[in-house]
Amino acid sequence: MELVVDKFLFYSWGEMEYMLDNLISTYEELKKYTFIIDRGVKGILVFNFSNDNFFHLVGLQHLNVTMFIPNYIKTKDKQYKYIKKNIRKFNDIIENQIQEKDSLYLRMQTFINIIDLLNGEKTSLYDIRGKNDGSLINGDFGLLKIYEDIYCFLGLKKIDVPTSENLVCTPITWIADRKAYKRVTNKKPLYISYISKISRKM
């Protein structure tokens, strides 16, 4: 596979002072659309972003964030809404905890790249089912784009939607690493005709 690189998008140091604001701003933009991957004869793959996905995509499960959320707020959807209403408080919590977690810091710093990755240019689709080689990601497909020396990967999990003629997935993880993601090493990317998006009724 030929190494494809692109300009690396990231939050500047000044913007990182408002990390959570930027993460939520990016996520609110993603939530506006249903994304469509045309795989030619293999059919259409569709997915969208919901509040439930935010924690794992950003990596908040690796921080002690939920301890600052009232116990009566149980679902990921309500936790996301609570954090969104208390951005300044949680921004300080996240920044204090993330300083010693370099990989998580990179993951959050590059989160804005999801928007560019889903524009489709130089983005590759992979089947990541099968032997996981120790990976904790229980996904089915993944979208990869390389920005300079950063490998950015959006993992997708198939969900059962009997009423849909398309393959429906949900985003489950965002990975940013300076090393190639081992689940796609030595694999050929799947065919993509195009990636597009349509507005959702919110």
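Residues are numbered from 1 along each chain as its sequence is written, and side-chain values use heavy atoms, with hydrogens and water left out. The average pLDDT (the predictor's confidence in each residue, from 0 to 100) is 85 for the chain, and 86% of the residues score at least 70. Residues 1-5 are another matter: pLDDT stays under 50 there, and the model has nine contacts beyond four places in sequence for this stretch. Where pLDDT is low, the predicted coordinates should not be read in detail.

Back to the sheet. β5 and β6 belong to an open, seven-stranded sheet with mixed pairing and the order β3-β4-β5-β6-β2-β1-β7. The edges are held by β3 (124-127) and β7 (194-199), each with a single partner strand, so one side of each has no neighbour in the sheet. From one strand to the next, the twist averages 30 degrees. Helix α6 (residues 102-109) lies across β5 and β6, at about 125 degrees to β6. Axes are lines fitted to C-alpha atoms, for helices over the stretch in contact, and angles run from 0 to 180 degrees between N-to-C directions.

Three helices, α2, α4 and α5, also pack on one another. Helix α2 (residues 19-30) meets helix α4 (residues 76-85) at about 130 degrees, with the axes 11 Å apart. That makes the pair oblique, since angles under 35 degrees count as roughly parallel, over 145 as roughly antiparallel, 65 to 115 as roughly perpendicular and the rest as oblique. The contact (heavy atoms within 4.5 Å) is made by Leu-20, Ile-24, Tyr-27 and Glu-28 of α2 with Tyr-80, Ile-83 and Lys-84 of α4.

With helix α5 (residues 87-98), α2 packs at about 110 degrees and the axes are 8 Å apart, which means that α2 is roughly perpendicular to α5. On the α2 side, the contact uses Met-19, Leu-20, Asp-21 and Ile-24; on the α5 side, the residues include Ile-87, Phe-90 and Ile-94.

The axes of α4 and α5 come within 5 Å and cross at roughly 100 degrees, so this pair is roughly perpendicular. Tyr-82, Ile-83, Lys-84 and Lys-85 of α4 touch Ile-87, Lys-89 and Phe-90 of α5.

Definitions and conventions
Predicted model: local features only at pLDDT ≥ 70, side-chain atom pairs only at ≥ 80, totals over all residues. Helix = DSSP H or I, 4+ residues; strand = E, 2+ residues; numbered from the N terminus. Pairing = 2+ DSSP bridges.
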